[in-house]
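This report describes one protein chain for a reader who is new to structures. Please look at the sequence and the model first.

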Amino acid sequence: MPTNIEVCDQLFSAIARGDIEAVRGLYAPNAVIWHNNDMVEQTREENLRTLGWVTRNITDLRYEEMRRYDTGAGFVQQHVLRGIAPNGSPLEVPACVVCQVKDGQITRLDEYLDSGQTAVLRS
């Protein structure tokens with residue numbers, strides 16, 4: 001069974017390389033994904049569609065300045081998501097992700113970010 005920090009590493013490594021199927025395997029079938037910018041809970045499949053768009057449309061996608069903490073029930077990661085937006089503008093989004101993990105799978109993911117930093121994705 002992977003540790004919580006190993007699950008964290010696997011998740012963000014899979015997203016950065018665009019491996020949505022690997023992300024699917026890390027999410028429990030009934031996983032809930034919530035973002036503070038819209039206050040909506042997504043299902044696993046809804047979130048995988050979002051991540052698919054992100055990995056197809058943001059080039060040079062990478063997570064930097066990562067700080068990770070095992071919480072016992074999961075993990076917290078603070079990072080800066082960087083890349084190039086579809087319009088060619090640089091993207092830099094500081095974020096914090098809080099995850100609950102059970103049996104090596106993410107059961108809940110809460111993402112906190114400043115939506116103003118994502119405006120470049122809508123232009």
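The sections below go from the whole chain to one helix, then to salt bridges and single residues.

## Basis of the report

The model is predicted, so local features need pLDDT of at least 70 and side-chain atom pairs count only at pLDDT 80 or more, while totals for chains, interfaces and linings use all residues. Residues are numbered from 1 along each chain as its sequence is written, and side-chain values use heavy atoms, with hydrogens and water left out.

## The whole chain

The protein chain has 3 helices and 6 strands. Helices (H or I, at least four residues) and strands (E, at least two) are DSSP runs, numbered from the N terminus. Along the sequence their pattern is α-α-β-β-α-β-β-β-β. The radius of gyration of the protein chain is 14 Å, close to the 14 Å that the globule rule gives for 123 residues, so the chain is as compact as a globular protein of that length. The radius is taken over C-alpha atoms, and the globule rule is 2.2 Å times the number of residues to the power 0.38. Along its principal axes, the C-alpha trace spans about 40 × 25 × 25 Å.

How much of the chain is buried? Of the 123 residues, 41% count as buried. Buried means under 20% relative accessible area, exposed over 50%, and partly exposed in between (1.4 Å probe, protein chains only). The accessible surface comes to about 6,500 Å², and 50% of this belongs to carbon and sulfur atoms. Such areas come from the Shrake-Rupley method with a 1.4 Å probe; for residues, only the protein chains shown count as cover. Among contacts with a separation of 6 or more, 48% are between residues 24 or more positions apart. Contact means heavy atoms within 4.5 Å.

## Helix α3

Helix α3 covers residues 44-57, which is 14 residues. From its first C-alpha to its last it reaches 20 Å, close to the 20 Å expected at 1.5 Å a residue. The expected span is 1.5 Å times one less than the number of residues.

Which residues of α3 are buried? They are Arg44, Asn47, Leu48, Leu51, Gly52 and Val54. These residues cover an arc of only 165° around the axis, which puts them on the same side of α3. The arc is that of the directions from the helix axis to the C-beta atoms. On the other side of α3, Arg49 and Arg56 are exposed. The cover over the buried residues includes α1 (4-17), α2 (20-26), β1 (27-35), β2 (41-42) and β3 (59-70).

## Salt bridges

The whole structure holds 12 salt bridges. A salt bridge is a side-chain nitrogen of Lys or Arg within 4 Å of a carboxyl oxygen of Asp or Glu. One of them joins the side chains of Arg17 and Asp19 (3.4 Å, N to O). Arg17 is exposed, with a relative accessible area of 54%, and Asp19 is partly exposed at 27%.

Another salt bridge joins Glu45 and Arg24 (2.5 Å, N to O). This pair links distant parts of the chain, with Glu45 in helix α3 and Arg24 in helix α2, 21 residues apart. Both residues are partly exposed: Glu45 has a relative accessible area of 31% and Arg24 one of 24%. Arg82 also forms a salt bridge with Glu65, and their closest N and O atoms are 2.8 Å apart. Arg82 lies in strand β4 (residues 74-84) and Glu65 in strand β3, 17 residues apart. Arg82 is buried at 13% relative accessibility, whereas Glu65 is exposed at 54%. Salt bridges that share partners join Asp60, Arg62, Glu64, Glu65, Arg82 and Glu92 into one network.

Trp34 is in strand β1 and counts as buried at 13% relative accessibility. Leaving aside neighbours within four places in sequence, Trp34 is in contact with Met39, Val40, Glu41, Arg108, Leu109, Asp110, Glu111 and Tyr112.

Most residues other than glycine have a negative phi. Met39, in the loop between β1 and β2, has a positive phi of about 60° although it is not a glycine. Met39 is exposed, at 58% relative accessibility. Glu65 in strand β3 also has a positive phi, near 55°.
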